[in-house]
Structures are given as C-alpha cells and as structure tokens.
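Visitor: I'd like to learn how to read a few features of a protein model. Could you walk me through one?

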Amino acid sequence: MSFKIYHNFNISVPSKQVFHAVSQPKHLDNWWTLKSSGIAKLGETYNLNFTDQYDWYCKISKLETDKSIHFKMTKCDTDWLPTTFGFNLEEIDGKTHVEFSHIGWKEINNHFKIASFCWAILLHGLKNYLEKGIIVPFKERN
C-alpha cells in the first residue's frame, strides 16, 4: 500500500507560464529550491538542492510540454523514496487549473504529514510568484 498527497488549485496565468515555473530551475529557485538544475526532457535528471544536507535528485518520469511534468525521486530522504511528484495543467480561458500529486509514500508518518503541509504552503507561494511576482526568500519558505 502507498499513500498520496493531492492539491488542486487555480493560477490566473496561462499554462505555459505555470509549466515553466515548475520545470525551469531559474523559476524553481524562486518558489521552492535554494538552487536547482535540470532540463525538461523525459528521463533527464534534476538536482534539487535545499541545503548541503538536503541535496536531492530526481528524474522526469512523465512529460507533456505545457501540460504535465512528473518527477521520480532517485536520491533523497528515505521517506521520499520511491515517491513521484508532479503537476498536471489544464488551461481554461487563460487561467490554469493545477492538479498536483505526490504519490508513492510508504506510510503516513510525521514526514508525510509535514510534506503535505509544506507542499500546500509552497504551492501557494508558486501561485503568488506567478500572479503577483512575489518571491519569498528561501530562508522564509518553511
């Protein structure tokens, strides 16, 4: 059995902008990571660096440009293995409906609960970044 985190919400920008914000390192670093690297191509590896202690890696496991991107964790905290997180995007009248998922959790432990809460806050930060240009400093994103 595995457990899942889901968050659905709308962002008032076109899906192409949302896709760039969840797939391009220069944007990821503005709402999630301290520093990241990677190219939005199926099978490509991304480095998601939060600190020296949390220097994680994942691979793109699903990709449809401007519509969907999913990342399978490959090197990270043991609770995050073998999870996959991703974004499905649907543009309607210039706005984007986001379906976020983080699946494959082995148990509903403390880390799962913290991750679910953190994702909600970070995704709200993504929305504010795209709609209002707000960049929350990395040290304030917890």
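**Helix contacts, a pocket and some backbone**

Guide: Let's start where two helices touch: Q17, V18, A21 and V22 in α1 meet L126, Y129 and L130 in α3. Sorted by class, this contact of α1 with α3 has 6 nonpolar residues, 1 polar and no charged ones. Keep in mind that this is a predicted model.

Visitor: At what angle do the axes of α1 and α3 cross, and how close do they come?

Guide: For a helix pair, look at the approach of the axes and then at the angle. Here the axes of α1, residues 15-23, and α3 come within 11 Å and cross at roughly 130 degrees. That angle makes α1 oblique to α3.

Visitor: Is the crossing of α1 and α3 left-handed or right-handed?

Guide: The crossing in which α1 passes α3 is right-handed.

Visitor: Now the pockets. What is the volume of the largest pocket?

Guide: Its volume is about 530 Å³.

Visitor: How many residues line the largest pocket, and which lie nearest its centre?

Guide: The lining of the largest pocket has 17 residues, and W32, F50, C118, L122 and N142 are the ones nearest the centre. By class, the lining splits into 11 nonpolar, 3 polar and 3 charged residues.

Visitor: Which helix gives the most to that lining?

Guide: That's α3 again, spanning residues 110-132, with 6 residues in the lining of the largest pocket.

Visitor: Which peptide bond is cis here?

Guide: The bond from L81 to P82 is cis, with omega near 0 degrees. P82 sits in the loop between β5 (68-75) and β6 (84-92).

Visitor: And where do D66 and D93 lie, the residues with positive phi?

Guide: D66 has phi near 70 degrees and lies in the loop between β4 (55-64) and β5. For D93, phi is about 50 degrees, again positive without being a glycine. D93 lies in the loop between β6 and β7 (95-105).

Key. Residues numbered from 1 in each chain as written. Predicted model: local features only at pLDDT ≥ 70, side-chain atom pairs only at ≥ 80, totals over all residues. Heavy atoms only, no water. 1 Å grid on protein atoms, 1.4 Å probe; cavity = no way out; pocket = protein on both sides within 12 Å on 5 of 7 lines; lining within 4 Å. Points joined across faces, edges and corners; volume = space filled by probe spheres on them. Helix = DSSP H or I, 4+ residues; strand = E, 2+ residues; numbered from the N terminus. Nonpolar A, V, L, I, M, F, W, Y, C, P; charged D, E, K, R; others polar. Axes fitted to C-alpha atoms, helices over the stretch in contact; angles between N-to-C directions. Parallel < 35°, antiparallel > 145°, perpendicular 65-115°, else oblique. Left-handed = near helix turned anticlockwise from the far one by under 90°. Contact = heavy atoms within 4.5 Å.
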